Amino acid sequence: QVQLVESGGGLVQAGGSLRLSCAASTSILSLNAMGWYRRVPGRQRELVAIITYGGSTTYADFSKDRFTISRDIGKRTVNLQMNSLKPEDTAVYSCGGRSWSGSWAYWGQGTQVTVSS
């Protein structure tokens with residue numbers, strides 16, 4: 001069982017930056033991929049960014065020019081640097097871990113990001 005704990009959310013003004021961090025209870029290389037998703041109340045969870053075992057990254061259209069996903073294997077963390085934040089980025093951001101069977105089997109509790117206009 002892999003436990004994931006997010007940190008770094010909060011309130012920021014539009015145009016500002018936040019850095020989210022996800023700490024894993026085991027080596028992140030034990031997972032096929034790790035990623036960040038977000039959810040706005042009343043809407044489905046949506047992909048923000050993914051980083052695979054091999055280090056490849058994938059971004060959503062809304063995040064590719066403003067957000068950067070990275071990892072620190074030694075610290076067992078995956079980070080999400082978010083710049084030029086917009087009010088529509090307000091959501092609960094969750095860290096996920098994808099197993100080698102392909103399922104997103106592990107999730108953190110989520111961290112709230114609120115961007116004020």
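So, start with the open sheet: four strands, in the order β1-β3-β8-β7, with antiparallel pairing. Keep in mind that this is a predicted model. At the edges you've got β1, residues 4-7, and β7, and each of those pairs on one side only. How much are neighbouring strands turned against each other? On average it's 15°, if you ignore direction. And for anyone new to this, strands in a sheet pair through backbone hydrogen bonds, and they can do that parallel or antiparallel.

Now zoom in on β3 and β8. They run antiparallel, and six bridges join them. Take Leu 20 as an example: its bridge partner in β8 is Leu 80.

What does the side chain of Ser 21 make a polar contact with? With the side chain of Asn 79, at 3.0 Å. If we skip residues up to four places away in sequence, Ser 21 touches a whole group, including Val 5, Glu 6, Trp 36 and Thr 77.

One more step along and we get to Cys 22, and that brings us to the disulfide. The structure holds one, and it's formed by Cys 22 and Cys 95, with their sulfur atoms 2.0 Å apart. The link is left-handed, with -75° about the S-S bond.

Okay, last topic: the inside. The largest nonpolar core has 26 residues. The ones with the most contacts inside it are Leu 4, Met 34, Trp 36, Leu 80, Met 82 and Tyr 93. Several strands each supply at least two residues of this core, among them β4, β5 and β11. Which strand gives the largest share? It's β3 again, with four residues.

Let me finish with Met 82 from that list. Again leaving out residues up to four places away in sequence, Met 82 touches Leu 18 and Leu 20, as well as Phe 67, Tyr 93 and Val 113, among others. So that's the tour, and I'm happy to take questions.

How values were computed:
Residues are numbered from 1 along each chain as its sequence is written. This is a predicted model: local features need pLDDT of at least 70, side-chain atom pairs count only at pLDDT 80 or more; totals for chains, interfaces and linings use all residues. Side-chain values use heavy atoms; hydrogens and water are left out. A disulfide is a pair of cysteine sulfur atoms within 2.5 Å. A polar contact is a pair of N or O atoms within 3.5 Å; within protein, one must be able to donate a hydrogen and the other to accept it, and residues adjacent in sequence count only if both atoms are side-chain atoms. Contact means heavy atoms within 4.5 Å. A nonpolar core is a set of buried Ala, Val, Leu, Ile, Met, Phe, Trp, Tyr and Cys residues joined through side-chain atoms within 4.5 Å. Buried means under 20% relative accessible area, exposed over 50%, partly exposed in between (1.4 Å probe, protein chains only). Two strands pair if DSSP finds at least two bridges between them. Axes are lines fitted to C-alpha atoms, for helices over the stretch in contact, and angles run from 0 to 180 degrees between N-to-C directions.
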